[in-house]
Protein chains: 2
Amino acid sequence: MATSVVVVGEEVMRNKQVIFKDYVSGFLKESDMQVINGTLKLKLPEGSNGIVVKNLYLSCDPYMRNRMTRAEGPNIFTSFTPCSPLTGFGVAKVLDSSHPNFKKGDLIWGTTGWEEYSVITELEGLIKIQHTDVPLSYYTGILGMPGLSAYVGFYEVCSPKKGEYVFISAASGAVGQLVGQFAKLMGCYVVGSAGSKEKVDLLKRKFGFDDAFNYKEETDLDAALKRYFPEGIDIYFENVGGKMLDAVLLNMKDHGRISVCGLISQYNLDQPEGVQNLMCLIYKRIHMKGFVVTDYYNIYPKFLDVMLSYIREGKIMYVEDIAEGLESGPAALVGLYSGRNVGKQVVLIARE
Amino acid sequence: MATSVVVVGEEVMRNKQVIFKDYVSGFLKESDMQVINGTLKLKLPEGSNGIVVKNLYLSCDPYMRNRMTRAEGPNIFTSFTPCSPLTGFGVAKVLDSSHPNFKKGDLIWGTTGWEEYSVITELEGLIKIQHTDVPLSYYTGILGMPGLSAYVGFYEVCSPKKGEYVFISAASGAVGQLVGQFAKLMGCYVVGSAGSKEKVDLLKRKFGFDDAFNYKEETDLDAALKRYFPEGIDIYFENVGGKMLDAVLLNMKDHGRISVCGLISQYNLDQPEGVQNLMCLIYKRIHMKGFVVTDYYNIYPKFLDVMLSYIREGKIMYVEDIAEGLESGPAALVGLYSGRNVGKQVVLIARE
């Protein structure tokens, strides 16, 4: 670990950082990142229009792998800059502000750096945290980007109806666990897939899924889906892509809907797997739609009201997997792609 | 050619037929079919509830190849029965009827046999032809199933708006030529792909497409699409699938719509090609929807009114490729999959 010296105000301060070393091809490894002691001035220079924050929680999200590839072709993400800290969603406390919307002591969530302290000048999309009767880490998940993804991806994209058959892949993850519970609250029949017995138990016992299976133990995903959905699937909430999508297409009901939230099984492949069963889109009159959560930020206040009520009334359960310390960040992020995390993967940098 | 003897009324009559020999794998060949002289009684037996028809025009439609595979997994089509005549859309004249809705002399379009005369007992979906100031063959195309497919696939599935950028594959075919003209009537910018210079000329000169290209001459479909749509595609009317779909996904605009009508490039493959660029569904918030035209038969009367006006006012052009005689049926059908036809492929069995 390199060590350097930082100026805070006029005082020299350490700023530990997770550095993105270079563009990645193939499966992400811890050695693609490096933890160093960088430097930062905690006082903003005169005339700047940003904030200085102390980072509290960082969010490990599947899309981050996409930012590690050199952007070619259509992409909503800018690539990370080699030799710079990773950035991602996080919860932070404002230490200094030269922007009228934020003041010292505010808690915020939004895009920040993978480091102890960050200077943020891109303030659009930063949201002030008003409710602190729930754990602050929730704003990286159930009350943050993944929560809003689950909410809009299910309610807005899937047009769900009571009694429908819902299948969710990566179902114990940050998004999947919420989608399943939304579907249960709506009176749907819900089955999830996940990658371990522990996760399958969690889905059935904690999150109230009607059933769940370990996809790693199924040699024939088509047969597995036929077992759990003998009458077919009305709604598929897509988090993984690849072979699972091909099997689901064979098992959709007529006029089924597929909400495409993510394709995590593909993010570490240099060439995505081909999906062969698209003829089912015609035979089964399937509506398939991709979405990007940032398009729906305007409904965040409504979403927050609903979710806070659900949490306070105990109607929604939520499971996090919290890694302690910035040093554990690279392993936590890598673990996401092999499914090592159980529930939403968070990295704790500092308690308030 | 085998020869046999038929009874008409009590009279013996020949009934030439195109026989589906056995399930097909790989590319369809003429030898997968056989023209024989079969037999038929033209008088219905007492107590039956069907009609006897003289077939006039038969329609060659891409989906027919799907009925030649032994049905496995989800399919909206029943397979053809080996050693029986092909069936498909056609125009016919009623010779005898024991059903109150049809009488001798009526002209109808709908599902009939690939033969000179057919007994039809499945009358649902048969539509009586009321307007004969247009060629009868039009009821296999512009005024029949392909016409309605173009109409609902464009207006109902794509939600088109004036000024949008529309791309159509297999654009000179029965469906594509109409979609392109609908899009022009709506004020869209329209480009089509087809498989020969002759067809490309037809698209630009006869059908009024803004531009067109021969996909067989393009080594890089992505680059070709970038040339014709530097700002991207709002609406893709999908008739072919495979590599073209992969290239289109890379070139869709945000919130683009893909209407999946057919995947003709895949029908003769034992394993469909894999489509790799589905991540674009997310990045570009794409809405992709398959449809089956029979779900929309309720709007046929409205469609017919609109199309008859368009034809009579010269607002819509229409090109047919008419093969003469039932014997030419197998070659005409096979030719569909290599794009030998120019315009809607019809087989003329008999003039009224």
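Student: Is Asn268(B) buried or exposed?

Tutor: This is a predicted model, so what follows describes a prediction. Asn268(B) has a relative accessible area of 7%. The cut-off for buried is under 20%, so Asn268(B) counts as buried.

Student: Where is Asn268(B) in the chain?

Tutor: Asn268(B) sits in the loop between E13 and H6 of chain B.

Student: And what does Asn268(B) touch?

Tutor: Leaving out residues up to four places away in sequence, Asn268(B) touches Gly26(B), Phe27(B), Leu28(B), Arg65(B) and Tyr337(B). With Arg65(B) there is also a polar contact, side chain to side chain, at 2.9 Å.

Student: OK, new topic, the two chains. How many residues are in contact?

Tutor: On chain B, 36 residues are in contact with 36 residues of chain A. The two chains bury about 3,000 Å² between them, and 64% of that is on carbon and sulfur atoms.

Student: How many salt bridges are there between chain B and chain A?

Tutor: Two salt bridges are counted between them. In a salt bridge at 2.6 Å, N to O, the side chain of Arg285(B) meets that of Asp295(A).

Student: Which parts of chain B supply the side that touches chain A?

Tutor: Helix H5 (243-251), strand E13 (252-260), helix H6 (279-283) and strand E14 (287-290) of chain B each give at least two residues. The largest share is from H6(B), with five residues. By type, that side of chain B has 21 nonpolar, ten polar and five charged residues.

Student: What about E14, how does E14(B) pair with chain A?

Tutor: E14(B) and strand E14 (residues 287-290) of chain A run antiparallel and are joined by three bridges. Met288(A) has Met288(B) as its bridge partner.

Student: Switching to strand E1 of chain A. Why is E1 described as largely enclosed?

Tutor: Because six of its seven residues, in the stretch 14-20, are buried, strand E1 of chain A is largely enclosed by the rest of the structure.

Student: Which strands does E1(A) pair with?

Tutor: One of them is strand E2 (residues 33-39) of chain A, joined to E1(A) by seven bridges and running antiparallel. Within that pairing, Lys16(A) is opposite Asn37(A). E1(A) also pairs with strand E4 (residues 84-85) of chain A, again in the antiparallel sense, over two bridges. There, Ile19(A) has Pro85(A) as its bridge partner.

Conventions. Residues are numbered from 1 along each chain as its sequence is written. Chains are lettered from A and ligands numbered from 1 in the order in which they are written. This is a predicted model: local features need pLDDT of at least 70, side-chain atom pairs count only at pLDDT 80 or more; totals for chains, interfaces and linings use all residues. Side-chain values use heavy atoms; hydrogens and water are left out. Contact means heavy atoms within 4.5 Å. Buried area is the accessible area (1.4 Å probe) that two parts lose on being put together, summed over both. A salt bridge is a side-chain nitrogen of Lys or Arg within 4 Å of a carboxyl oxygen of Asp or Glu. Helices (H or I, at least four residues) and strands (E, at least two) are DSSP runs, numbered from the N terminus. Ala, Val, Leu, Ile, Met, Phe, Trp, Tyr, Cys and Pro count as nonpolar, Asp, Glu, Lys and Arg as charged, and the others, Gly among them, as polar. Two strands pair if DSSP finds at least two bridges between them. Buried means under 20% relative accessible area, exposed over 50%, partly exposed in between (1.4 Å probe, protein chains only). A polar contact is a pair of N or O atoms within 3.5 Å; within protein, one must be able to donate a hydrogen and the other to accept it, and residues adjacent in sequence count only if both atoms are side-chain atoms.
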